[in-house]
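I opened this entry to keep track of what I looked up. I start with the whole chain and then go to single elements.

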Amino acid sequence: MAAIRCCLAASKLLNNSIKSCVMYRVTRSNHAPPSSDERVLMLREILRRKKEAGPEKKYHRNTFLEWNYSAELYAFSKRIGENFEGNFLQQAFTQRSYVVKQETLNKDLGLDDPDRFLEDNRSLAAKGEELSRNFVARYLRTALPCLPEEGILHIRDHILKEDNIAKVLCSIGADELILCTDFPTETQTKVSTFYALVGAVEASSGPERGSLFVRDFLITSLSGQDIHALCMPEDKLGALSQIFLREGKEAPEPRIISQVGMNSIIPCYRIGLYSEKKFLGSGAGESIQDGIDNAALNVLWKLWDMPDGKLQFPFDLDVSSVLNNSRSNVPEAEWTSDKVKKQVRPSR
């Protein structure tokens, strides 16, 4: 009798285990992962819906839960290695549009306490722009003392372009800290904020420290750029001829030195420049005029003591010596070797 009971219990246990296995298989088959074809269809559907919805909307960093503006300002000041006094750093990031918005909000809430009102960065931006323009020009005159004044101004204007300054501001991670009403932030807003940062550094640590900020972050934007293209005269041979005539020499005469590939798609002419039977320099081009222009440019770069490559421009000049340099370079219409030597030697 006991054996029969054991057999019945074993058979019941076996039936239950079989049922559980069947249920597990059915459940797993219902929730099986999609096949490769199903995945492709799902991805296509997701891409189609994304295209219909359009580009994803951008949100300002301050809309995130972990945003802490005071901590971000502190981290930014340590990242650029500057110590700001008082509220100069926050003032540098505060645009006038944001102040007007906060004043309107306070009036609607019945808060007329003047201590609650913020100060915008217009005064700091004006001081920073003046310092930046003066220091960039002085730095270029110190680094390129033989270049005519017109070339110095052309390079300075290139450095102070709005797009270039906005790019520099974004590269130091300051665009997310701007307090303004426009988002994405406009280029003009970024430019005024950068100048305000320069003004804040000057107000906190003095003009020498503000000039150092401009040197390290703004002038270094020339790295990897061809400065020859920024100060190239329109009439190359004409500018060179005028210099020689002012110095009492014969105007340079171009001559063809060699030419190859005359009947090919890309011919090459090598032109040499001579004055009073002396070889001045040479240049090559796809046409005779291009060769003459390149030859004249090579001679001008030698006269103006321009660096040969993109990596030879000095980015580490002493700031105090640059600030003490108050002279202007010789204008192109008056440029001669003697005038440049008289002006450069005493300063050196």
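**Overall.** I am working with a predicted model. Next I checked burial: 37% of the 348 residues count as buried. I then asked how far apart in sequence the contacting residues lie. Among contacts between residues at least 6 apart, 66% join residues at least 24 apart. The exposed surface comes to about 21700 Å². Carbon and sulfur atoms supply 53% of that area.

**Helix α2.** I picked out α2, residues 36-53. From first C-alpha to last, its 18 residues reach 26 Å. That is close to the expected 26 Å at 1.5 Å a residue.

I traced the three strands next. They form an open sheet in the order β1-β2-β3, with antiparallel pairing. β1 (253-260) and β3 (278-285) are the edge strands, each pairing on one side only. From one strand to the next, the twist averages 25 degrees. I checked β1 against β2 (residues 268-275) and found seven bridges in the antiparallel sense. Which residue of β2 is the bridge partner of Ser258? I noted Arg270.

**What packs on the sheet.** Helix α12, residues 288-303, packs on the sheet and touches β1, β2 and β3. The direction of α12 makes about 130 degrees with that of β3.

Technical notes
Residues are numbered from 1 along each chain as its sequence is written. This is a predicted model: local features need pLDDT of at least 70, side-chain atom pairs count only at pLDDT 80 or more; totals for chains, interfaces and linings use all residues. Side-chain values use heavy atoms; hydrogens and water are left out. Buried means under 20% relative accessible area, exposed over 50%, partly exposed in between (1.4 Å probe, protein chains only). Contact means heavy atoms within 4.5 Å. Accessible areas come from the Shrake-Rupley method with a 1.4 Å probe; for residues, only the protein chains shown count as cover. Helices (H or I, at least four residues) and strands (E, at least two) are DSSP runs, numbered from the N terminus. The expected span of a helix is 1.5 Å times one less than its number of residues. Two strands pair if DSSP finds at least two bridges between them. Axes are lines fitted to C-alpha atoms, for helices over the stretch in contact, and angles run from 0 to 180 degrees between N-to-C directions.
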